[in-house]
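This report describes selected features of one protein chain.

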Amino acid sequence: MAVSPDGSRVFLTGTVAHFSGATFQTVAYDASGTQLWSSHYQGPGPYEDQAAAIAVSPDGSIVFVTGRSSTDASNLDYITLAYDASTGARVWKKRYSSALGLSFDEAAALGVSPDGSTVFVTGAADGGPAGTDYLTVAYAAGTGAQLWTARSAGAFHDNARTLSVSPDGSAVFVSGFSVSSTALDILTVAYDADTGAELWKARYDGPTGREDQANAMGVSPDGSSVYVAGFSDGSNRKRDFIAVAYKASSGDQRWARRYNGPGDFNDNIKAMAVSPDGSRIFVTGYRTGHGGRDFETIAYNAAGGRLWLRAYNGPTGNDDQATAVGVSPDGKQVFVTGYRRAVSRERSYATLAYRAGSGERRWESFLDGGSPSALVVNPTGSDVYVTGINGVDFTTVAYSTS
């Protein structure tokens with residue numbers, strides 16, 4: 001999900017299932033919720049096309065979408081599309097297929113340079129018999145011309161899952177997981193945004209030396225720090241929250257913070273947001289207790305000190321999971337969305353607002369049925385938008401932040 005810089009339009013992308021496979025669908029609404037346009041994409045093979053990420057150009061004129069697209073029953077490519085933000089007309093379409101000509105190339109994340117000139121896409125691409133590599137592609141935003149590709153390979157499977165661009169546009173950061181000889185590590189890589197040259201590479205291997213994975217990342221507004229967050233195996237092969245800060249210029253680790261929930265079961269960060277002034281980092285996901293999963297949201301200061309921790313347990317005490325987080329433009333509120341289990345055991349939307357400084361809950365709102373996957377705050381801070389699946393449809397909700 002994304003919102004235009006002037007707040008006049010909200011855009012979402014996702015996957016529509018068909019009997020023969022799946023296709024992209026990208027939709028635009030105005031701020032009142034009126035649908036402006038809907039654009040459909042089906043690849044050359046009638047199999048599977050899955051959207052993964054969306055972004056808007058800084059001037060609000062173009063919407064970019066990326067994901068994976070099948071050419072036949074066993075081959076996948078990156079697919080990146082650009083649409084006119086006003087009409088939904090396609091501006092350009094670009095596929096990326098590994099030069100090795102194998103079967104698996106899957107885009108997972110997308111970012112746009114601050115000046116709007118370049119679009120960056122990352123994910124996993126076939127790396128030969130050893131598995132997959134991080135593969136990042138840069139395109140000219142106006143034409144889709146490919147500017148460069150950068151591949152980072154470990155010993156086995158490597159899968160980039162998230163991407164951020166530095167505030168000055170000089171660097172692109174990607175993170176995800178890299179399989180070593182024994183387990184998964186978090187691998188974060190920085191590239192020169194103009195050339196794709198690798199600037200630095202940093203690994204995080206947790207205390208047990210087993211599975212670690214980044215699901216989200218962010219950059220401080222002054223460009224000095226890169227933050228990644230996800231899960232890291234702790235004791236008894238159970239996952240813990242992990243948030244790591246790196247020096248953006250060198251990749252040197254500034255700090256790493258782990259959190260093990262009260263049940264000593266699996267805990268996982270699903271999303272991250274950095275406050276506009278860079279003083280706070282917010283992570284959210286789920287913790288697992290004896291009765292099931294709960295929302296867990298944590299605020300850290302820029303030095304890694306924990307400011308507050310807030311859990312949300314739904315009415316049934318069963319599985320609840322946060323999926324997205326956002327911060328108001330003035331930095332005073334934090335919004336979290338996800339799903340909770342209703343009495344019927346069906347999922348329903350749950351969206352909560354906290355005071356950023358104290359973690360005090362300001363309000364909560366629910367929508368029966370469904371599971372939200374994305375959240376954005378409009379540029380004025382007056383509205384927060386949530387989207388996901390409700391029944392078999394995309395359902396998007398606008399809330400007043402007050």
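In this predicted model, Phe120 stands opposite Ala138 in strand 11. The two strands concerned, strand 10 (118-126) and strand 11 (132-140), pair in the antiparallel sense over nine bridges. They belong to an open sheet of four strands, ordered 9-10-11-12, with antiparallel pairing. Strand 9 and strand 12 (146-152) are the edge strands, each pairing on one side only. From one strand to the next, the twist averages 20 degrees.

**Nonpolar core**

The largest nonpolar core comprises 18 residues, and those with the most contacts inside it are Phe64, Tyr78, Leu110 and Val121. Two or more residues are given to this core by each of strand 5 (49-56), strand 6 (62-72), strand 7 (75-84), strand 8 (90-96), strand 9 (105-112), strand 10 and strand 11. As a general matter, nonpolar side chains in soluble globular proteins tend to be buried together.

Once neighbours within four places in sequence are set aside, the contacts of Val121 include Tyr78 and Leu110. Val121 is also in contact with Thr66, Thr80, Ala107 and Ala109, as well as with Leu135, Thr136, Val137 and Tyr139. Leu163 is a further contact of Val121.

**Aromatic rings**

The count of aromatic pairs comes to 19. One of them joins Phe173 and Trp200 in a tilted arrangement, with 6.1 Å centre to centre and 40 degrees between the planes. This pair links distant parts of the chain, since Phe173 lies in strand 14 (residues 171-179) and Trp200 in strand 16 (residues 198-204), 27 residues apart. Both Phe173 and Trp200 are buried. Elsewhere, Phe11, Trp37 and Tyr83 form one aromatic cluster.

Two arginine residues lie over the faces of tyrosine rings, as tabulated below.

| Arginine | Ring | Distance from the ring centre |
|---|---|---|
| Arg293 | Tyr286 | 3.9 Å |
| Arg347 | Tyr339 | 3.9 Å |

**Backbone at Asp264**

Most residues other than glycine have a negative phi. Asp264, although not a glycine, has a positive phi of about 55 degrees. Asp264 is placed in the loop between strand 20 (253-259) and strand 21 (268-274). Is this residue buried, partly exposed or exposed? Asp264 counts as partly exposed because its relative accessibility is 28%, and the partly exposed class lies between the limits of under 20% for buried and over 50% for exposed.

Terms used:
Residues numbered from 1 in each chain as written. Predicted model: local features only at pLDDT ≥ 70, side-chain atom pairs only at ≥ 80, totals over all residues. Heavy atoms only, no water. Core = buried A, V, L, I, M, F, W, Y, C linked by side-chain atoms within 4.5 Å. Buried < 20%, exposed > 50% of the residue type's maximum accessible area, 1.4 Å probe, protein only. Contact = heavy atoms within 4.5 Å. Phe/Tyr/Trp six-rings, centres within 6.5 Å; stacked < 30°, edge-to-face > 60°. Lys NZ or Arg CZ within 6 Å of the ring centre and 35° of its normal. Pairing = 2+ DSSP bridges. Axes fitted to C-alpha atoms, helices over the stretch in contact; angles between N-to-C directions.
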